[in-house]
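Let's take a walk through this fold together, going from strand pairing to the charged side chains. Please have the viewer open as you read.

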Amino acid sequence: MTLLIQLGTSQSSGISLSGLQMDMLQAVVSIYNYQKYRHIQAPGWHLGWIWAKKEIIWTMLGGQAVEQGDCSHFKQNIPHCCKTDPVTVDLLPGAPLNVQFANCCKGGVLNSWVQDPANAVASFQITVGRSGTSNRTVKAPTKFTLKTPGPGYTCGVPQNVVPPTKFISPDGRRTTQAHVTWNVACTYSQFVAQRGPTCCVSLSSFYSDTIIDCPKCSCGCQNNITKPGSCVESNSPYLASVVNGPGKDSLTPLVQCTPHMCPIRVHWHVKLNYRDYWRVKVTITNWNYRMNYSQWNLVAQHPNFENISTIFSFNYKALNPHGVINDTTMFWGVKYYNDLLMVAGPEGNVQSELLFRKDPSTFTFRKGWAFPRRIYFNGESCVMPPPDAYPVLPDSSPRLKKTTFLILSIAVCAVVAFLHNHFVLDKYCGKS
């Protein structure tokens with residue numbers, strides 16, 4: 001899963017500021033989220049790097065540096081940032097027009113490429129001083145970092161392997177070209193992010209009374225003794241004060257107390273069986289009191305996605321990770337209807353039904369075939385129940401086994417009684 005950072009430098013010049021000769025250039029930095037089903041949500045991305053020389057940022061459009069740094073040796077025309085290792089962020093929606101730039105001002109939120117490619121790009125422009133004015137003197141920054149806002153992404157070195165970027169004027173009548181363009185690829189790893197599971201899966205079916213809940217302690221265990229405040233009961237009289245307490249703006253989840261302790265639960269219910277079709281209901285529940293999930297997405301793996309007929313309340317797209325075989329599908333909400341998964345509470349869920357066409361060569365309800373192989377929520381793998389705990393068909397259920405054993409026992413007793421009576425009768429008749 002890759003994010004691509006592209007730097008295109010153009011419009012170099014040598015000018016004098018504060019009595020000093022300063023080499024300047026303009027650079028456009030673009031971030032492309034090519035990940036199919038992992039997006040960057042609020043509070044958004046933080047992009048950092050280390051300058052190769054002693055560059056400074058004079059001005060920025062469409063973004064801003066988090067810290068200005070020490071610019072005390074500049075008496076006039078104070079730069080925007082003097083740090084050797086600047087960290088930049090996106091502007092918030094509604095920023096003044098005179099500081100905006102194309103693809104900016106989304107608060108650092110980047111949608112996934114499959115879900116919304118038009119909003120999977122962010123850009124900003126910087127005017128760089130002390131940079132040089134030619135391809136020989138301009139050096140690429142080093143040691144790029146991307147946080148969202150926590151760790152997880154590892155960025156490579158800048159590569160000058162693409163043609164210089166071309167920029168089209170707003171009226172479309174003129175094209176300018178960058179002097180040089182560098183690409184930096186950043187890849188995500190859940191291991192680098194050091195994150196535990198954040199979602200789990202529960203299962204049920206029409207042919208079994210058993211509901212298979214998320215495995216216990218899927219995302220952590222209740223521990224209000226040594227770690228008070230790790231969860232809150234839904235019926236607690238202090239619920240409102242805890243939710244709106246000092247940590248209300250924290251990114252740390254405040255979840256409803258459950259055996260699984262996950263912020264997100266995905267429930268897969270095999271609902272109905274028709275002659276040529278079968279139906280599933282998928283429900284996503286938010287147990288987190290501190291976070292709405294905007295632009296959420298869900299990825300499921302199941303062999304029957306090749307024959308999916310109708311999805312009633314979600315958008316969906318086949319991902320086809322194995323080429324022509326479609327066993328992986330991505331779902332996301334319908335805009336203005338259910339694309340926002342609200343915080344824990346009565347409105348904290350979204351759901352849809354899926355209608356599958358049966359393939360006689362593969363369809364079966366036996367051995368858990370009707371349940372998903374893997375589930376991902378917002379790119380994170382969800383904890384699945386163990387396969388031996390899946391709901392089973394009645395003919396292999398323990399309850400039916402007990403009934404069958406009882407019937408066989410009665411039958412054996414009846415045969416024994418019959419033979420016993422027959423033997424006694426024969427013995428009596430023989431004597432007479």
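**From a sheet to a charged network**

Val-201 has Val-266 as its bridge partner in E17. What we are looking at is a predicted model, in which local features need pLDDT of at least 70, side-chain atom pairs count only at pLDDT 80 or more, and totals for chains, interfaces and linings use all residues. Residues are numbered from 1 along each chain as its sequence is written, and side-chain values use heavy atoms, with hydrogens and water left out.

Let's stay with the strands for a moment. Strand E13 (residues 199-205) and E17 run parallel and are joined by 7 bridges. Here, strands (E, at least two residues) are DSSP runs numbered from the N terminus, and two strands pair if DSSP finds at least two bridges between them. Now widen the view: E13 and E17 belong to an open sheet of 6 strands with mixed pairing, in the order E14-E13-E17-E18-E25-E21. Strand E14 (208-212) and strand E21 (308-311) are the edge strands, each pairing on one side only. On average, neighbouring strands of this sheet are turned by 15 degrees against each other, direction ignored; the axes behind this value are lines fitted to C-alpha atoms, and angles run from 0 to 180 degrees between N-to-C directions.

Next come the charges. Side chains of opposite charge can pair when their charged atoms come close. The structure holds 5 salt bridges, each being a side-chain nitrogen of Lys or Arg within 4 Å of a carboxyl oxygen of Asp or Glu. One of them joins the side chains of Glu-353 and Lys-271, at 2.4 Å from N to O. This pair links distant parts of the chain, with Glu-353 in strand E25 (residues 349-357) and Lys-271 in strand E17 (residues 264-273), 82 residues apart.

Because Arg-279 lies in strand E18 (residues 277-286) and Glu-353 in strand E25, the pair ties together parts that are 74 residues apart in sequence. Through shared partners, salt bridges join Lys-271, Arg-279 and Glu-353 into one network.

How accessible are these residues? Arg-279 and Glu-353 are both buried (under 20% relative accessible area, with exposed over 50% and partly exposed in between, using a 1.4 Å probe and protein chains only). For Glu-353 the relative accessibility is 16%, while Lys-271 is partly exposed at 29%.

Finally, turn to Arg-275 and Asp-276, whose side chains meet in a salt bridge at 3.2 Å, N to O. Arg-275 is exposed, with a relative accessible area of 74%, and Asp-276 is partly exposed at 38%.

Terms used. Helix = DSSP H or I, 4+ residues; strand = E, 2+ residues; numbered from the N terminus.
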